Amino acid sequence: MISPTFSLNSIGSTLTISGLNFEQDSRVFTNEILCDPLLTTQTMLKCIIRVPSINSQWSVQVKSGGWVSNTIIQPSIEISNTSQSNTVIFLNGEFSQIPILSRNKILALNIEKTVTVPVTYANTALSFPLHQDFFSTNSFEIYDGTSNTIIHTFSFSYAPCIASISFDATQIFLTGFTYTSQSQMFVNGDPCPTVVKSDTDASCTPPPSLFDTDSSFTVSMVREPIEKKTTTIFTKFHTLTGFVNSQTGAVVKSALSIKLYDNTLKYLIRGISPTPIPFESLNSTSLTFTYPYNAQCGYAFVSIDSVRLSHNILLCPAPIVNSIQLPNKDIGGLVTINGYFLNSLLFNSKSVCISYQSTLGDGSVSSITASETTYNDLDSTYTSKFVVNKGVLKKILVLPLAKSESREYLVAYNPIVKSCTSIQYKVPGQVTIVGENFFSLSNPSKVAVKIGGSQCTNVLVNSDGSQITCHFNADVAVAGNQFLVVSVVVDEKYQGSADVFSYKAEVGSCPVGPNGLVCSGNGLCNDAYICVCGNSWQQSDCSKIYPLIDSITSTKYRVPGYVTILGKNFVNKNLQVNIANSICSDVAVSQDLTTITCFYQSDVLVNNVKDYLSVTVTIDSQFTTSKILFRYTQPTQQCPVTCGNGVCDSFTGICTCFKGWESSNCSIVIPSINSITSTKYKVPGTVTIVGNNFVNLNLVVTIGGSFCGNIVVSQDLTSITCLFQSDVSVPNDNTLLEVSVTIDHKFTTSKQL
């Protein structure tokens, strides 16, 4: 009998032959070539093979004197290479000669022989799972369990093993073996600042953008930087494909589109509120939850406890506006909005996530950011304040970063009554009232009209809220040419009135205006005793006019010049023009009353050349219109192509850099280190680095070449705190290690501290 039952096809493999009547001169021959003797007894011969096998086998004979034994065939195996795939070792080659009964009895052992694992057989590969104890030496043994013989000892440099991977809000966690203080993690091939907690646990903090991806990515672990033995795995977050909000009263729910199949697990939504939000229901395609009132726009993800399952998705609750407090009409100013889910900042960020858009009566639209937002714990509402331009505010659009959740709110003002048509006394009929802000926000519409205290019926308002028609009984008695008060009440709280109704004149008399003149001196009385008003004057007595501004030309900043105003009804009767309260001189009006030219001193100062100024036209000291239209032409100063990390002053053409940044285009940051606190040797702990210009842009900190983790930078950019593993060997306590701070992969400072 020969052991082992198979051998490695290699010169140097050992054979043990068991039999009878062996002599001291007995010799073993393999393929007719002498096998170097190691041991000779009457029942056992052991030798070292000195010739390769032929056709994956040796012919084995024993010769003694003139005697020759029978021939026994010894199978051989061919190994082309050894490799590692994470936790599995492969021996690749030709193994079909291994006897069938021996194939399930092959074992792998560590050198100390304290761990034995079964080897899986295939014709072209043997494989076995790695155990942590194999890493004590760079070798392993293959063992024939049939003959209880070591087949061969293999030298092998192990790569680290990754048994599992998990995530939290900002970090990646690996478990496996065997990690060292020099082990380094990589994400998609880029270094990831690594903290090795033990030989089986490690973590790193990748760039935040990793958590926004819904694609597969790689995580690698390099065991030793010199050998570069690496294990790489592909992984992927659960995919969030979108969300749909639904509102009932002041309650807003959301359905997140994600495929999760176990409704017994306690899924949580993180990233939009100070505490995680529990889910309420789950089906095969979505997860539903209710927003708490302190939720805000943020990059949300799904987790189980603190373990991240999904990538980030921008998620915003639907804003709800309860009330709007407006400035005085036409002059602009502070708007105060109260409601739910109006936090203007992105969760855990200083970035603005809710902006507002105001639409004025002239159709102009402006984007605005809240100057102040406060939260009321008592009723869970937010109050936001912002300033609107001068003009008639018609509507406000609340714009979260998630555009699908924008909400539009119409704005109501007290109505303005300008004119009313006449009917004869005691002859009921329809009247038409002209003015502004007659539209109702209620459904159905609520608009009430009284003339001289008598209720009008069949009230109808046109689409833009500028005209009302209603039925008046003409039953209020008057004395002479007395005007009656026309009163309009919208939505039971917005009110406006004016003395503009008069009965049609009796035959033989013409209307007399408030100044005592027939037709107010602005028209002619015809044969029917009706005033025919001239030059766009209105009312039955031609006593009112309503100028309107459409556009205005510009001047250069601080360079006086003529401007042209286009519009209508510019009657040149004590007409005055001012731009932001600066009076225009040399005023001229076109014959068709649609154009004004005047000389403007360009003397109103502005902070930004893009700022608009109000233009006001006043006729006869009482009929006024204003519009925020004028702005100066752009100055000749030009800023750099980009100010990078700063803002451009359009008057000076110079960049104003954000804190820490320098150069003409704000593209350079020069960090400096002053001091650092200490830790105990070999005891991980937090250190504080004091210095200047620690801009938190791809910031990396190393101490003695060891990466610091959990980096936090102060708002004034003068201090860094980070977790140092205290794992850098030093000859004595007085040895100073080099502290290095790198910003955006290119701005570096170092100091022996």
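Strand 60 supplies six residues, the largest share, to the lining of the second largest pocket, where strands are DSSP runs of E with at least two residues and helices are runs of H or I with at least four, both numbered from the N terminus. The model is predicted, so that local features need pLDDT of at least 70 and side-chain atom pairs count only at pLDDT 80 or more, whereas totals for chains, interfaces and linings use all residues. Residues are numbered from 1 along each chain as its sequence is written, and side-chain values use heavy atoms, with hydrogens and water left out.

This second largest pocket has a volume of about 1000 Å³. A pocket here is an open set of points on a 1 Å grid over the protein atoms alone, with protein on both sides within 12 Å along at least five of seven lines, while a cavity is a set where a 1.4 Å probe fits but cannot get out; lining residues have an atom within 4 Å of a point. Points are joined across faces, edges and corners, and a volume is the space filled by probe spheres set on them. Lining the second largest pocket are 36 residues, with Lys418, Glu436, Pro547, Leu548 and Thr625 nearest its centre. Two or more lining residues come from each of strand 43 (416–420), strand 44 (429–436), strand 50 (494–501), strand 53 (548–552) and strand 60 (623–630). The lining of this pocket divides into 14 nonpolar, 12 polar and 10 charged residues, where Ala, Val, Leu, Ile, Met, Phe, Trp, Tyr, Cys and Pro count as nonpolar, Asp, Glu, Lys and Arg as charged, and the others, Gly among them, as polar.

The largest pocket holds about 1700 Å³ of space. Its lining consists of 40 residues, and those closest to the centre are Thr170, Thr205, Pro206, Pro207 and Pro208. At least two lining residues are supplied by each of strand 21 (190–192), strand 32 (298–304) and strand 69 (709–713), and strand 69 gives the most, with four. By class, the lining of the largest pocket comprises 20 nonpolar, 16 polar and four charged residues.

Strand 4 (27–30), strand 6 (36–40) and strand 7 (44–48) each give at least two residues to the lining of the largest cavity, which has six nonpolar, two polar and two charged residues. The second largest cavity has a volume of about 30 Å³ and is lined by Val411, Ala412, Tyr413, Asn437, Phe439, Val490 and Tyr494, of which six are nonpolar, one is polar and none is charged.

For the protein as a whole, there are zero helices and 72 strands. The C-alpha trace spans about 165 × 55 × 45 Å along its principal axes. The radius of gyration is 45 Å, whereas a compact globule of 753 residues would have one near 27 Å; the radius is taken over C-alpha atoms, and the globule rule is 2.2 Å times the number of residues to the power 0.38. Of the 753 residues, 44% are buried, meaning under 20% relative accessible area with a 1.4 Å probe and protein chains only. Among contacts (heavy atoms within 4.5 Å) with a separation of 6 or more, 53% join residues 24 or more positions apart.

Terms used
Buried means under 20% relative accessible area, exposed over 50%, partly exposed in between (1.4 Å probe, protein chains only).
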